[in-house]
Amino acid sequence: MQNNRLKLIETTQDGSPTLRMDGNPDNLAYTEQMHYSTGAASETIYVYGEAIKKAQAFLKPSETHYLVVGLGLGYIEILIDLLTSGDFKQIVSFEKDEGLIENFSSWCALKKSDVHDHVINSLIDQLKINISIEKVKTQLKNKLQIYPALQQAQNVMPNKFNVICYDAFSSKMDSKLWEFHFLDQFIKEHSAPICVFASYSKTGALNRALKQNGFKLFLRKGFSTKRECTLAIKA
Ligand SMILES: C[S@@+](CC[C@H](N)C(=O)[O-])C[C@H]1O[C@@H](n2cnc3c(N)ncnc32)[C@H](O)[C@@H]1O
């Protein structure tokens, strides 16, 4: 992936890469970094690693369905594979940017991508695990389905998921994805009877939507300087 006017690759403080959307042709104000500058890999492990581990405590790995909103550079999808050693049913991810989908898919299909190699190596270094990168790519190629932009709560598939990683940009960028009505419908449609929901963000609308759909919310400090993040469980 090349640096260009619209997407800039930057290195965060733990040495892992992130990407900054630097405006798009329709909206020059569409500008946001995908991760905290403190550390993209550390943030992903902190926020979503905890949800994956919680789910492992009470779900059979081979029957666990994961849903990710916001593929980006694929940190969460790779983390799921690493923490479960590839033992999961499926991952469904949504991503609005076609270039990001294409780059990640071709990396999984064993094409070269320095930034994705850097992402997986950063996660492996921090987790201190020994694993074949080719194996991770093949598992993702076989068990990850990537859909385009999430626009309506129930627009794509009828599936229910046991772990939902809600990693959309902030409401400044994608306001609809943070509205109560949207979240309520989305959670109703896609959360399985046993479900762990995590997000780097915590908002009143998200809290209400989770409670309304039977989730118990846990108090969890946010990553870095963020006051709180979201961890909620329905069981
Ligand atoms: C915070 S970043 C995600 C970072 C990512 N999880 C990673 O590991 O690199 C948010 C992502 O959501 C995507 N996005 C924005 N609107 C979206 C939508 N309506 N549906 C799906 N993805 C969307 C953005 O293009 C961006 O890649």
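Predicted model: local features only at pLDDT ≥ 70, side-chain atom pairs only at ≥ 80, totals over all residues.

**Fold, core and ligand shell**

Modeller: The chain has seven helices and 10 strands, where helices (H or I, at least four residues) and strands (E, at least two) are DSSP runs numbered from the N terminus. The radius of gyration of the chain is 17 Å, close to the 18 Å from the globule rule for 235 residues, so the chain is as compact as a globular protein of that length. That radius is taken over C-alpha atoms, and the rule is 2.2 Å times the number of residues to the power 0.38.

Colleague: What percentage of the 235 residues count as buried?

Modeller: 40% of them. Buried is 20 or more other C-beta atoms within 10 Å of the residue's own, exposed is 12 or fewer, and partly exposed is in between, with C-beta atoms placed from the backbone.

Colleague: And how many residues has the largest nonpolar core?

Modeller: It has 61 residues, and those with the most contacts inside it include Ala51, Tyr75 and Phe197. Helix H1 (residues 40–58) gives the most to this core, with eight residues. By nonpolar core I mean a set of buried Ala, Val, Leu, Ile, Met, Phe, Trp, Tyr and Cys residues joined through C-beta atoms within 7 Å.

Colleague: What is Ala51 in contact with, leaving aside neighbours within four places in sequence?

Modeller: Val163, Cys165, Val196, Ala198 and Leu231. Contact means C-beta atoms, placed from the backbone, within 7 Å.

Colleague: Switching topic, which residues are buried in H6?

Modeller: In helix H6 (residues 180–190), they are Leu183, Phe186, Ile187 and His190. They cover an arc of only 95° around the axis, which puts them on the same side of H6; the arc is that of the directions from the helix axis to the C-beta atoms.

Colleague: Why does Phe186 count as buried?

Modeller: Because Phe186 has 22 other C-beta atoms within 10 Å.

Colleague: Last one: how many residues surround the ligand?

Modeller: 21, and the closest are Gly70, Gly72, Leu73, Tyr75 and Lys96. The cut-off is a C-beta atom, placed from the backbone, within 6 Å of the molecule.

How values were computed:
Residues numbered from 1 in each chain as written. Contact = placed C-beta atoms within 7 Å.
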